[in-house]
Amino acid sequence: MKTMFKLFFLGVIVLFPQVTEAQLLSVSGYVKNYISGQPIENATIYESHSGIGTISDSSGYYKLLLQKGTQELKVSNVGFDEFKSTFALASDTIVSVNLKPRNFSQKNIVAGNKLDKDSLTEDTKTISVKKRK
């Protein structure tokens, strides 16, 4: 019995430093629409070097478990521009992203309750914003 205890104790001492080195850290956050602020469901979030990824839930939330070091996070969804960020991961980190719809330009948006057609020019594109009751 003493031999088994000694072997177990020796195994713990030898393996413990390796276990602590492989500790994973969390990268989490929310993915939202840049224009409306609404959460984006099923956005793809992945780390380029390791290939580890996930998708956002109905509230836009995601969480990845990654190892320490340099990470390249990519966030994308159909109809939106891809977001990329490279950072050094040293502790649990929150990365929230606002994805811009493709071909979005701030100068091309007219929003409001009523649209005055006389004030529009030929090169102005409009997005109608409706208030929810």
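Four strands make up an open sheet, in the order β3-β2-β5-β6, with antiparallel pairing. The edge places belong to β3 (53-55) and β6 (83-89). Each has a single partner strand, so one side of each is left without a neighbour in the sheet. From one strand to the next, the twist averages 20°. The model is a predicted one.

**The chain as a whole**

The chain has 133 residues, and 23% of them are buried. It holds one helix and eight strands. Along the sequence the pattern reads α-β-β-β-β-β-β-β-β. The exposed surface comes to about 10,200 Å². Carbon and sulfur atoms supply 54% of that surface.

Strands of a sheet pair through backbone hydrogen bonds, either parallel or antiparallel. Here, β2 (residues 44-47) runs antiparallel to β5 (residues 69-76), and four bridges join the two. Strand β5 also runs antiparallel to β6, with seven bridges between them.

Which residue of β5 stands opposite Glu-47? The residue is Leu-73. Leu-73 also stands opposite Ser-85 in β6.

Strands β5 and β6 form a hairpin with six residues between them. In this hairpin, Gly-79 takes a positive phi near 90°.

**The nonpolar core**

In soluble globular proteins, nonpolar side chains tend to be buried together. The largest nonpolar core in this chain has 17 residues. Those that touch the most other members are Val-27, Val-31, Ile-45, Tyr-62, Leu-73, Val-95 and Leu-99. Five elements are named as giving two or more residues to this core: β1 (24-33), β4 (61-67), β5, β6 and β8 (97-99).

Leaving aside neighbours within four places in sequence, Val-95 is in contact with Val-27, Ser-28, Gly-29, Tyr-30, Tyr-62, Leu-73, Phe-83 and Phe-87.

**A buried serine in a loop**

Ser-56 is found in the loop between β3 and β4. Is Ser-56 buried or exposed? Its relative accessibility is 2%, so Ser-56 counts as buried. The cut-off for buried is under 20%.

| Side chain | Backbone atom reached | Distance |
|---|---|---|
| Ser-56 | oxygen of Ile-40 | 2.7 Å |
| Ser-56 | nitrogen of Ala-43 | 2.9 Å |

Not counting residues up to four places away in sequence, Ser-56 touches Ile-40, Glu-41, Asn-42, Ala-43, Ile-45, Tyr-61 and Tyr-62.

**Asn-42 and its phi angle**

Asn-42, one of the residues that Ser-56 touches, lies in the loop between β1 and β2. Most residues other than glycine have a negative phi. Asn-42 is not a glycine, yet its phi is positive, at about 65°. With a relative accessible area of 43%, Asn-42 is partly exposed. Ser-56, by contrast, is buried at 2%.

Conventions:
Residues numbered from 1 in each chain as written. Predicted model: local features only at pLDDT ≥ 70, side-chain atom pairs only at ≥ 80, totals over all residues. Heavy atoms only, no water. Pairing = 2+ DSSP bridges. Axes fitted to C-alpha atoms, helices over the stretch in contact; angles between N-to-C directions. Buried < 20%, exposed > 50% of the residue type's maximum accessible area, 1.4 Å probe, protein only. Areas by Shrake-Rupley, 256 points an atom, 1.4 Å probe, with all protein chains shown as cover. Core = buried A, V, L, I, M, F, W, Y, C linked by side-chain atoms within 4.5 Å. Contact = heavy atoms within 4.5 Å. Polar contact = N/O pair within 3.5 Å; in protein donor to acceptor, adjacent residues only side chain to side chain.
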